[in-house]
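Reader: I'm new to this one. Could you walk me through a few of its parts?

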Amino acid sequence: MADSLLIENGLVLTLDAGGRVLERGFVLVENGWIAAISLEAPAVGLNVPRIDAAGMVVMPGLIDTHAHAGHTLTKGLGNRSDDWMATTGRIYAEATDPEFWAAEAALSALERIKCGTTTAALLFGGGPDIMRTEGPDAAEAHLTAITEMGVREILAVGPNRPSAKSVYRLYEGDSYQEVAVCTATQIAVSAALIDRWAGRDDRVQLAVSLPVFNASELEDPAVRTLSLKARDLAREKGVLLVQDGHRDGSIAANDASLALFDDRSLLAHCIDLTEEDRAVLKRTGAKVAHNPSALMSVSGRCPAPELMQDGVTVSLGTDAAAPDRSFDMFRNMFQAHRYHARHFRDDAVLPPLQLLEMATIAGARALCMDDEIGSLEVGKRADMLLINMRQPHLWPLVDPVQRLARFANGADVDTTIVGGRVLMRGRKLVDADEGAILDRAEKAFRRAMARQTRLTAERRMP
C-alpha cells in the first residue's frame, strides 16, 4: 500500500453531518487515513499515486451490518427456504473443514469488494444452532482469509442453543471424528478468539453472538445462564453483542429478564415489534440491522422508519448470501424503499439521502465505528468507493444521491479502497487473483457436497 494517494476530479459525496458535496473535489489519503478533502488540489509530491475520478462519484464505502459466514457456498441449495436451512445446517456441521471456511471467506470478501461493501458484520454460521465455535480452527481460517483480502469485518462468534445437542464432524482429509458440541466450550473458544485477534489487524474485530430466546424460553435456567455468560463476555471484552432474529416481544422479554442490551447491542431483523420492544430500543441505545431482502421481512415487518423517528439507529444488512440474496447494498437500498413505501403507500418514505446514510454512516454507528468510518471526513479511515456514473442508467450526473439510491447497483463500483489500500481498480482486483479465488471456492464446495452425499447415503443404509 502506498503511503499517500490523491483522488482528483471526482464528485465527492461526503455524507458528513453538513452533507457536503464537492462537484470537482480532491481527497488526499495519508497512511490509510483521510488527510484532506478540498476543491483545490493539495500540494503533494510528484511521486504520489493519483486516481483521476472524472465522471465518477467518490463516496464512503458501504457498510453491511448483518450477514453470515458460510452462506456464499450454500446459496441456492434446496427448492424452498426450509430445504435450504436444513441442508445448510447439515453441511456446516458435518461436511466442512477449515479450508471450506477459508475459501468461502475469500469468495465472500471478493463479492463485497466487487459491489463496494468495505465493512461487514457477519455471524460465524447460520441459524441459532450451527455456530462453528467448538474449536478455533474454522474461525481462524476464515479470519486469516479475510485479512489477506483486505476488507474490514466484524465476525460474531458464540454458542448454539442449549437444547441443540449438536454433533459436528471434524475432518482431516477424508477421515473425521465426531465431537459433541458444548455451549460452555463454545463460550470459552469465543473468548479466546476475541483475545487472540484483539489488535492483530485494524480491519478485523470480533463480537459475541447469542441466539434469540423468547419469553417462554427464558424461563429455562440453562438459557438464562448461557445468555448472561454471553452478555458478560461481550461487556468484559468491550465488543458488540449480536443477535439474529428478534420479533414479537422478544426484545422486551430479554430486557426485563436479563437487562441484556446496551448501546453495543446489534439486533438483526426486528420484525413485528411491540410498543414495549420499541421502548427498550430507545432507552438502551441498542442498534437495529434492517434486512429488507431477508425471509424474515417477508413473514413480518421491521418498522425501520418509525424506529428512526424514535431516535433509534437503524442500519442496513443484506443477510447475505443465501438462500436467495447477494451482498449488493445498492439492491438493498432500493428494496428498503419499496418495502416501506408499499406499507405506507407513500413513495416519499425513506428518501434517497436517508437510504444512503443507512448504508454508510448509520451502519458505522450501529457498529460503534462512526468515529472511524461511514463518511468522508479528515481524520477518518480512508474507506471509499469510486462509482462510474458514465453509464446510461446513471447519466447525466445530476442529483447524485438520487442516482445512487434509486438506480445504481454493485456492478457500477469502479474502485474499492479500504484503509487507503486500493483493493479494486477498474473492476479488477489489484493484489489478488479473482480466478484463483473462484477456483478455490468451487473446489471447497465440491468437497463439502461429496461429503454430504456420502453422509446422506450412510443414513439411508439399513
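Author: Let's start with helix H5, residues 221–237: its 17 residues reach 24 Å from the first C-alpha to the last, close to the 24 Å expected at 1.5 Å a residue. That expected span is 1.5 Å times one less than the number of residues, and helices (H or I, at least four residues) and strands (E, at least two) are DSSP runs numbered from the N terminus. This is a predicted model, where local features need pLDDT of at least 70 and side-chain atom pairs count only at pLDDT 80 or more, while totals for chains, interfaces and linings use all residues. Residues are numbered from 1 along each chain as its sequence is written, and side-chain values use heavy atoms, leaving out hydrogens and water.

Reader: Within what arc do the buried residues of H5 fall, seen down its axis?

Author: Buried means under 20% relative accessible area, exposed over 50%, and partly exposed in between (1.4 Å probe, protein chains only). In H5 the buried residues are Val223, Leu226, Ser227, Ala230, Arg231, Leu233 and Ala234. They line one face of the helix, because seen down the axis of H5 they fall within an arc of 160 degrees.

Reader: And which residues are exposed on the other side of H5?

Author: The buried residues of H5 pack against helix H4 (183–197), strand E11 (204–209), strand E12 (241–244) and helix H6 (250–258), with contact meaning heavy atoms within 4.5 Å. On the other side of H5, the exposed residues are Pro221 and Glu236.

Reader: Which residue caps the N-terminal end of H5?

Author: Look for a side-chain oxygen that lies 2.9 Å from the backbone nitrogen of Ala222. The residue it belongs to is Asp220.

Reader: Now the open sheet: which are its edge strands?

Author: Eight strands form this open sheet, in the order E6-E7-E8-E11-E12-E13-E14-E15, and the pairing is parallel. Two strands pair if DSSP finds at least two bridges between them. Each edge strand pairs on one side only, and these are strand E6 (62–69) and strand E15 (314–316).

Reader: What is the bridge partner of Ile63 in E7?

Author: E6 and strand E7 (residues 117–124) run parallel, joined by six bridges. In E7, the partner of Ile63 is Thr119.

Reader: Which residue takes a positive phi in the hairpin of E17 and E18?

Author: Strand E17 (residues 413–418) is mostly covered, with six of its six residues buried. E17 pairs with strand E18 (residues 421–425) in the antiparallel sense over three bridges. The hairpin has two residues between the strands, and the one with a positive phi near 55 degrees is Gly419.

Terms used. Arc of directions from axis to C-beta. Polar contact = N/O pair within 3.5 Å; in protein donor to acceptor, adjacent residues only side chain to side chain.
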